[in-house]
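Please read the points alongside the sequence and the coordinates.

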Amino acid sequence: MTQTTADDRLIVAMDVPDALSGLKLAEQIGDAVSFYKIGLGMLTGGGLALANELKQEHGKRIFLDMKLFDIGATVENAVRGLAQFDLDFLTVHGDPYVVKAAKEGAGGKDMKILAVTILTSLDRQDLDGALIKDGAVKDLVIERAGNALAAGADGVIASPQEAALIRALPEAEGKLIVTPGVRPAGADLGDQKRVATPANAIADGADHIVVGRPIWKSADPRAAATAILAELASPQAQKPNR
């Protein structure tokens, strides 16, 4: 089926319990959105089947957010298996050996390998508890992003607060920046700690923003998505650095 032509800078996170709920959400939003993220939380609830249905029968783009992390051979094999579904984006952890293995597994398919730098739900206290080396979160994100891109990642996942700094890296030339932790003004932050508005995230260099709760928890998901798309089309979302 021909892919839908809505502004694909908005990726809606389907953080819902199962494939039936996800399909219902997609039906509520309709042609207003062309890109959906399906994460690990839905894996046992039919997530791969939903990804395939949305892609093949509804013409949507699909971001499979698995954040793969294992020994290189296992990552390579997992990515090779996922690549057969003709998906658009897949996340792996940003360690260079993981990125290299994922690119091998992708085998030249169009599926983009995106590297996770530091989760947007984490702050310095969380990193201390995980025995991550000293340094400001922002600095560690930039360092990890540069290393992942140098290892061959097609792009990175990073909070809006680091997007402009990553965009300025030489390694980021021609690469994607996808930002979760995006909340419309006045929205509940949920478990996110490093956030920005949709317009600010795009203006700071993000190619795509990921929005979940403010859309799927809304009484009118289509209207919520449309409001965000309107913000992305506003002058405030222009990219002065591109």
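Is Phe-89 buried or exposed?

1. Phe-89 counts as buried, at 2% relative accessibility; buried means under 20% relative accessible area, exposed over 50% and partly exposed in between, with a 1.4 Å probe and protein chains only. The model is predicted, so local features need pLDDT of at least 70 and side-chain atom pairs count only at pLDDT 80 or more, while totals for chains, interfaces and linings use all residues. Residues are numbered from 1 along each chain as its sequence is written, and side-chain values use heavy atoms, with hydrogens and water left out.

2. Rings of Phe, Tyr and Trp (its six-membered ring) pair if their centres lie within 6.5 Å; planes under 30 degrees apart count as stacked, over 60 as edge-to-face and the rest as tilted. The count by this rule is 2 aromatic pairs. Phe-35 and Phe-89 make a tilted pair, with 5.1 Å centre to centre and 50° between the planes. Because Phe-35 lies in strand β2 (residues 35-39) and Phe-89 in strand β4 (residues 89-93), this pair ties together parts that are 54 residues apart in sequence. Helices (H or I, at least four residues) and strands (E, at least two) are DSSP runs, numbered from the N terminus.

3. Phe-35 is buried, at a relative accessible area of 0%. The pair of Phe-63 and Phe-89 is edge-to-face, because the ring centres are 5.9 Å apart and the planes stand at 65°. This pair links distant parts of the chain, with Phe-63 in strand β3 (residues 61-68) and Phe-89 in strand β4, 26 residues apart. Phe-63 is also buried, with a relative accessible area of 2%. Phe-35, Phe-63 and Phe-89 form one aromatic cluster.

4. In helix α1 (residues 19-29), the buried residues are Ala-19, Gly-22, Leu-23, Leu-25, Ala-26 and Ile-29. They lie on the same side of α1, because they cover an arc of only 160° around the axis; the arc is that of the directions from the helix axis to the C-beta atoms. Leu-20, Lys-24 and Glu-27 are exposed on the other side of α1. The cover over the buried residues of α1 includes β1 (10-13), β2, α2 (47-58), α9 (213-216) and α10 (221-232).

5. Just after α1, Gly-30 has a positive phi of about 65°.

6. Which helix holds Trp-216? Trp-216 is in helix α9 and counts as partly exposed, at 26% relative accessibility. Not counting residues up to four places away in sequence, Trp-216 touches Ala-13, Asp-15, Val-16 and Leu-25; contact means heavy atoms within 4.5 Å. The C-alpha atoms of Trp-216 and Ala-13 are separated by 8.2 Å, although the two are 203 residues apart along the chain.

7. Helix α7 (residues 160-167) has Pro-160, Glu-162, Ala-163, Ile-166 and Arg-167 as its buried residues. These line one face of the helix, because they fall within an arc of 140° when seen down the axis of α7. Among the elements covering the buried residues of α7 are α6, β6 (155-157), β7 (176-179) and α8 (198-203).
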